[in-house]
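Hi everyone, thanks for coming. Please have a look at the model on the screen, and I'll walk you through a few of its surface features.

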Amino acid sequence: MATLDRLSGGRLILGAGVGWLAEEFAALGIPFERRGARTREYIEVMRKLWTERASSHSGEFVNFEGC
């Protein structure tokens, strides 16, 4: 996505859904009730990784340093 956005001059629009089928979350052992918070954090992480030269993140669902 980041490459497409760059090649298109910033015209890419990415849509993301939080999911609706509780059984899919259960199969992965992920709490269905926290899907909104998880999605928000994942989007925040993607924005960091795509816009910062060196990124770090410490959150509820994702943790990394110096990427």
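Let me start with what I mean by a patch: patches are made of residues with over 30% relative accessible area and no salt bridge, where like charges are joined within 9 Å and nonpolar side chains (Val, Leu, Ile, Met, Phe, Trp, Tyr) within 5 Å. Accessible areas come from the Shrake-Rupley method with a 1.4 Å probe, and for residues only the protein chains shown count as cover. A salt bridge here is a side-chain nitrogen of Lys or Arg within 4 Å of a carboxyl oxygen of Asp or Glu.

Two housekeeping points. This is a predicted model, so local features need pLDDT of at least 70 and side-chain atom pairs count only at pLDDT 80 or more, while totals for chains, interfaces and linings use all residues. Residues are numbered from 1 along each chain as its sequence is written, and side-chain values use heavy atoms, with hydrogens and water left out.

Now, which residues make the nonpolar surface patch? Met1, Leu4, Leu12, Leu14, Tyr42, Met46, Leu49 and Trp50 do, over about 710 Å². Helix 3 gives the most, with four residues; helices (H or I, at least four residues) and strands (E, at least two) are DSSP runs, numbered from the N terminus. Tyr42 lies in helix 3 and is partly exposed at 36% relative accessibility, on a scale where buried means under 20%, exposed over 50% and partly exposed in between (1.4 Å probe, protein chains only). Met1 sits in the segment before helix 1 and is partly exposed too, at 45%. Met1 and Leu12 are eleven residues apart in sequence, with their C-alpha atoms 7.8 Å apart.

On to the salt bridge; the structure holds one. Which side chains meet in it? Those of Glu60 and Arg34, at 2.5 Å, N to O. Glu60 is in the loop between strand 1 (57-58) and strand 2 (63-64), and Arg34 in the loop between helix 2 (22-28) and helix 3, so the pair ties together parts 26 residues apart in sequence. Glu60 counts as exposed at 52% relative accessibility, whereas Arg34 is partly exposed at 34%.

A last stop is the lining of the largest pocket. A pocket is an open set of points on a 1 Å grid over the protein atoms alone, where a 1.4 Å probe fits, with protein on both sides within 12 Å along at least five of seven lines; lining residues have an atom within 4 Å of a point. Here 13 residues line it, with Asp5, Leu12, Leu14, Arg47 and Trp50 nearest its centre. Helix 3 gives the most to this lining, with five residues.
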